[in-house]
Amino acid sequence: MCAWARACVCSAAASPRSRPGCRSAASAASSRIWPGGSTAAIACRPNIDQRAARDTAETLTITDNRTGKQYEISIKECAIRATDLRQIKAGPEDGGLMTYDPAFLNTAACRSAITYINGDKGILWYRGYPIEQLAEHCNYLEVAYLILFGELPTEPQLTKWTDNITQHTLLHENVKKLMEGFQYDAHPMGIFISTVGALSTLYRDAKQVFDQESRNRQCTRLIAKVASIAGYAYRHSIGRNYIYPDNDLSFTGNFLNMLFKMTELKYQPNPVLERALDVLFILHADHEQNCSTTVMRNIGSSHVDPYSAIAGAAAALWGPLHGGANEAVLRMLEAIGSKQNVPAFIKRVKAGDGRLMGFGHRVYKSYDPRAKIIKRVADQVFEVTGRNPLLDIALELERIALEDEYFITRKLYPNVDFYSGLIYQAMGFPKDFFPVMFAIPRTAGWFAQWEEMLLDAEQKIARPRQIYVGPRRRDFVAREQRK
Ligand code: ACO
């Protein structure tokens, strides 16, 4: 029941609060207007509506054993409102009961219509479409459109969207100059984060976050320019000239061009690699309320421009426990060195000496559906590039881990990052570039989630509570009297 209730975001009544340019969470989440396109709207499933209606009648009775008082709290969409607990007080001085949930293990901070995950069953949908079907039939820009606007584009909509993105791939020459200032061996993700943040100084209209036309402009710019920034960051890190975008190529074909073009007049991407990149970008485009998306929403809740918010989200992505894991996996595989060393490595991990990078997930407690697709893509890529010798170590790690009590009881399975780095390496991307490869497509998800948050009349500036555990009030002690 909860799974369906959580998937349902379009059935509840509109929020009583509203502000100019805002719609209810439900309508904002399910529709977005694109110039020249239609308003995409998600139709409610009847069974979800029925489920939501039932939810509104459900309650939770709480007895406060401190006072003996009983409270009836309403349950909606399988959740109680944390603010409903504030009425529960032990006495007049009491500020009311709070929930304590470090790292948000069991707290929903929003209602969202974008991505649905069932971690026990290994299910991932964007706007209701299973990831497997999207990865098989779509290209990245088509999926970005779906994530951003709620529906798959028609042929004319896709053509217009692709043209729009293509027209925005060029970077201002000042951005190029800014990037030239980075140290020759600067980490490309550091360059990426700084440069995306710097775009806010160029596009001053981005501050108008409640102006839909402005948001649409920033959206197109961001989706297009993150790939160019990534391309320039790579070329800078290897000391080669920047390659201007080639608008005749597809999004991923042009990306390969900006990275790998040498002296040839026209770069021709390998179609297998171009398609593999599309699939990888689709798989990474959104993943509901993960660490970086939460950062995006939290920064955005102060109504700052989206470039600043995406710089923050990308910084969160960089960490080795999140999108930086793909780089960490490769370093781990190289450190293990050979298949024979795998059992000893697993033993060390089980003893608490490090983690098996690319394994485990906060939400997936079965095989990450993206990892399954990536394994298939790896085979296709290796046919072109030759087999990555580290693959044998990865397969052996997976084989042993999946049979080992430690990993079984903790429900630790390969996640999206376990095999993606192997593909990126085989395609010629350096290890420290892997997190950038993650950030390019995730920009679509971050933007969609940011906009959904902005248009949700229930959202306010993010500001969690705390349980204060510091010293009680005490008087100042002069410096010479301190012990
Ligand atoms: N290797 C070994 N043990 C692990 C691993 C791992 N990769 N992941 C979790 N565990 C163990 C923990 O030690 C803990 O054991 P304990 O109960 O004996 O203390 C238990 O499993 C639960 O782990 P938590 O850290 O509480 O799980 P959490 O949900 O907080 O962490 C995370 C999820 C960060 C992804 C974790 O599994 C991890 O560090 N994985 C490796 C890094 C990685 O691959 N990150 C990419 C995730 S996908 C993405 O962000 C795109």
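1. A contact is taken here as heavy atoms within 4.5 Å. On that basis, residues 24 or more positions apart account for 72% of the contacts in the protein chain with a separation of 6 or more.

2. This is a predicted model, in which local features need pLDDT of at least 70 and side-chain atom pairs count only at pLDDT 80 or more, while totals for chains, interfaces and linings use all residues. Residues are numbered from 1 along each chain as its sequence is written, and side-chain values use heavy atoms, with hydrogens and water left out.

3. The protein chain contains 20 helices and five strands (DSSP runs: H or I of at least four residues for helices, E of at least two for strands).

4. Of the 483 residues in the protein chain, 51% are buried, that is, under 20% relative accessible area with a 1.4 Å probe, protein chains only. The chain exposes about 23400 Å² (Shrake-Rupley method, 1.4 Å probe), and carbon and sulfur atoms supply 52% of this area.

5. Around the ligand are 20 residues, each with a heavy atom within 4 Å of the ligand. His322, Arg355, Leu356, Gly358 and Arg362 come nearest. The shell comprises 11 nonpolar, five polar and four charged residues, with Gly counted as polar.

6. Backbone N or O atoms lie 2.8 Å from a ligand nitrogen atom in the case of Leu356 and 2.9 Å from a ligand nitrogen atom in the case of Phe359. In Asn415, a side-chain N or O atom is 2.9 Å from an oxygen atom of the ligand. Taken alone, the ligand exposes 920 Å², of which the protein buries 72%.

How values were computed:
Buried < 20%, exposed > 50% of the residue type's maximum accessible area, 1.4 Å probe, protein only. Polar contact = N/O pair within 3.5 Å; in protein donor to acceptor, adjacent residues only side chain to side chain.
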